[in-house]
Number of protein chains: 2
Amino acid sequence: MDAAAAQGTPVEAGDVVVVTQKIVSKAEGRVMAIDEVEASPLAIAITEGHRRDPRHTEMILRESRRVVRMDRGVIISETYHGYICANAGIDASNIPGSDTICLLPVDPDASARGIRDSIRQRLGVDVAVLVSDTFGRPWRNGAVNVSIGVAGFNPVISYIGEFDPHGNELHTTTIAVADEIAATAELVTGKLLGVPVALVKGYPYEPMEDADSHAIVRDPDKDLFR
Amino acid sequence: MDAAAAQGTPVEAGDVVVVTQKIVSKAEGRVMAIDEVEASPLAIAITEGHRRDPRHTEMILRESRRVVRMDRGVIISETYHGYICANAGIDASNIPGSDTICLLPVDPDASARGIRDSIRQRLGVDVAVLVSDTFGRPWRNGAVNVSIGVAGFNPVISYIGEFDPHGNELHTTTIAVADEIAATAELVTGKLLGVPVALVKGYPYEPMEDADSHAIVRDPDKDLFR
């Protein structure tokens, strides 16, 4: 908050404060040394011939509740939060030390709520908060930032039952604005700039006091790519 | 361009001009009446019990080169461009008439190049251009805008071989900045506002004269979700 004020863009009511997962995980003590871990036979077998340390692989398995795809060292799994991503969101970049890894926050919605509450207490303003992470996607090259935790706003807005300017009813359209805001913020934070927070100003989000990320995790019954 | 100047945000060198697919398709005559189409037995069978007209389904099949998933009227297919999306990108919203549908541009990269060239000719400035569309994703609710055509900039930037501030080498990170810019623009254009173009200012894209969207279509050999 002080940094934002110092650079002439103070946090104001109605901003979306986008905080990258890495800094949240660090603040919450989710960085660990891999020599605290013992690799299982499965983790060793998976990692055979791959650059990753088998103890790192072991932590990926421990942070997962389901493996979706596994091939040549690549693990796409469902985390206990319900997110499907590579390596259970664990990585080793932007943290000190070559034998340390960083896990996702235990409850990124709670992280977002905590940040939102502290901004309200300290500055007296209501903002939306989003915790972002960088996920790959099927079919398309390149990762993009998405939302893994929200507070104070509706992450998925619905146009169902509304009409376009030509009078056509929209039957199915919902937009994951939280993911679009996370993507927007990545254009500013980048990967190597050491910028862990971005402010998105002027976006008219739908305030929602009890928002959480369940809205963004697709129901297994409606997912053709489980 | 006149509209941008009139609202006090003229197109300037270095802008990314994001144009939604619908207006490009309309400009290129990719709107058609479904009574020009005869539904095949497959299209009729697929659409049984579904709201969509079988002739609309027929056009989805004709615009596809591979069906990836098909269930209860939902068709996820690969278009001849290589994009995997619902309904081959065909829809019926934001066009006049209840029996008209809108197809994707034949070559969205060529569309983007044409827009870029005309801006250069008319205003004498170099910009990046991106054609955006709204795609759903596996595992996550809500669609987001992505890029389907680019001109003048690198759509997927690579950090491979670079080092983070802690000296860790990045081995795999590439970021689909074109998709992130498309997502950013959707926050401004929305779905019902009748805004077909957004300008993204101040983003330091990597200029690339011969850019195209092949960079963003994942190689089948590297795709675990074909």
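Let me begin with helix H6 of chain A, residues 177–189, which lies across S1, S7, S8 and S11 of chain A and runs at about 120 degrees to S8(A). Helices (H or I, at least four residues) and strands (E, at least two) are DSSP runs, numbered from the N terminus. Contact means heavy atoms within 4.5 Å; axes are lines fitted to C-alpha atoms, for helices over the stretch in contact, with angles from 0 to 180 degrees between N-to-C directions.

This is a predicted model, in which local features need pLDDT of at least 70 and side-chain atom pairs count only at pLDDT 80 or more, while totals for chains, interfaces and linings use all residues. Residues are numbered from 1 along each chain as its sequence is written, chains are lettered from A and ligands numbered from 1 in the order in which they are written, and side-chain values use heavy atoms, with hydrogens and water left out.

I turn to the sheet in chain A. Five strands form an open, mixed sheet in the order S11-S1-S7-S8-S12; two strands pair if DSSP finds at least two bridges between them. Strands S11 (197–200) and S12 (207–208) of chain A stand at the edges with a single partner strand each, so one side of each is left without a neighbour in the sheet. S12(A) runs antiparallel to strand S8 (residues 144–153) of chain A, and two bridges join them. Within that pairing, Gly152(A) has Met208(A) as its bridge partner. Helix H5 of chain A, residues 108–123, also packs on this sheet, touching S1 (16–20), S7 (128–135) and S8 of chain A, at about 55 degrees to the direction of S8(A).

Elsewhere in chain A, strands S3 (residues 64–71) and S4 (residues 74–79) run antiparallel, joined by six bridges. Arg69(A) has its bridge partner, Ile76(A), in S4(A). The two strands form a hairpin with two residues between them, and Arg72(A) in the turn has a positive phi of about 45 degrees. Arg65(A) also forms a salt bridge with Glu78(A), with the closest N and O atoms 2.7 Å apart. Here a salt bridge is a side-chain nitrogen of Lys or Arg within 4 Å of a carboxyl oxygen of Asp or Glu. Over all chains, the search finds 34 salt bridges.

In chain B, three strands form an open antiparallel sheet in the order S3-S4-S5. S3 (64–71) and S5 (84–86) of chain B are at the edges, each with a single partner strand, so one side of each has no neighbour in the sheet. The twist averages 25 degrees from one strand to the next. Helix H4 of chain B, residues 54–62, packs on the sheet and touches S3 and S4 of chain B, its direction making about 125 degrees with that of S3(B).

How much area do chain B and chain A bury between them? The figure is about 5,600 Å², 58% of it on carbon and sulfur atoms; buried area is the accessible area (1.4 Å probe) that two parts lose on being put together, summed over both. In contact are 68 residues of chain B and 68 residues of chain A. The rule finds four salt bridges across this interface. The side chains of Asp179(B) and Arg140(A) meet in a salt bridge at 2.8 Å, N to O.
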